[in-house]
Amino acid sequence: MEQISISENTAVDWAAFHRQVVFDCMVIRHEKIGGIGKTVEIDESKFGRRKYHRGHRVEGQWIFGGIERESGLCFLVPVERRDKGTLLSLIKDWILPDKCIISDCWKAYDCLEEEGFRHLTVNHSIQFVNPDTGAHTNNVEGMWRHTKASLSQYCRKKKYYSGYMAKFMFLKRCCYQKLDVLTEFFKYAGQLYDPHLLNDHPNYEDNYESDESSIDTDDE
């Protein structure tokens, strides 16, 4: 912050503004993935911490996600439940119908064939690749590794996970489509905020939810 001569409050406000813009473009106004000849891998993963930094994960946030193999486009959505109703609603919201979906054998996915999707599975308790169909979820597993590595080890406050996931989706999209990140960001910012309205309301920044996690130490 000293190098660019801005205060901590300004840095926090800018971080909140960035998350608001990318959340709007990547989540609120998102486009569905999949398409003719496309395959989408889906999965859920627990983001959290280990008690005393060892042992199995005991706290955290479940994230449901999917990735389109051919393009690398993805979605990541925090969920409180992993039941059929929750996941099926998200699948219909994020994935085009009549497309191939590959998943593990989680029971909530058993209905996908009935819902009009071509559904392939792999049983991770005994194999990484289905020997009969060749189905695997290597791409979505790789996505989880990269997503978790992109997060700071500190300040993983549950209420901010939606913003964290939107940021990852935005950067991944720019990377795969070879787009300039700053140009894309300002393009979406211009779509979200009408400059004429901002001139009429100079205190619009007060509406942003300040993320003090940028400067605080989380209770982890």
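W14 is placed in helix α1, where helices (H or I, at least four residues) and strands (E, at least two) are DSSP runs numbered from the N terminus. The model is a predicted one, in which local features need pLDDT of at least 70 and side-chain atom pairs count only at pLDDT 80 or more, whereas totals for chains, interfaces and linings use all residues. Residues are numbered from 1 along each chain as its sequence is written, and side-chain values use heavy atoms, with hydrogens and water left out.

With a relative accessible area of 44%, W14 is partly exposed; on this scale buried means under 20% relative accessible area, exposed over 50% and partly exposed in between (1.4 Å probe, protein chains only). Together with L182 and F186, W14 forms a nonpolar patch on the surface, with about 340 Å² of accessible area for the three residues together. Patches are made of residues with over 30% relative accessible area and no salt bridge, like charges being joined within 9 Å and nonpolar side chains (Val, Leu, Ile, Met, Phe, Trp, Tyr) within 5 Å. Accessible areas come from the Shrake-Rupley method with a 1.4 Å probe, and for residues only the protein chains shown count as cover. The accessible surface of the whole protein comes to about 13100 Å², of which 49% belongs to carbon and sulfur atoms.

The protein has 6 helices and 5 strands, which run α-β-β-β-α-β-β-α-α-α-α from the N terminus on. Of its 220 residues, 41% count as buried. Residues up to four places away in sequence aside, I42 touches F64, G65, G66, F75, I91, I95, I101, I102, S103, Y109, L112 and V140, a contact being heavy atoms within 4.5 Å.

The structure holds 9 salt bridges, each defined as a side-chain nitrogen of Lys or Arg within 4 Å of a carboxyl oxygen of Asp or Glu. One of them joins the side chains of E41 and R69 (2.5 Å, N to O), and this pair links distant parts of the chain, with E41 in strand β1 and R69 in the loop between β2 and β3, 28 residues apart. E41 counts as buried at 0% relative accessibility, whereas R69, at 29%, counts as partly exposed. A salt bridge is also formed by E115 and K92 (2.9 Å, N to O); E115 lies in the loop between β4 (100–103) and β5 (118–121) and K92 in helix α2, so the pair ties together parts that are 23 residues apart in sequence. R173, E184 and K187 are linked in a network of salt bridges.

Leaving out residues up to four places away in sequence, K172 touches I67, G72 and C74.
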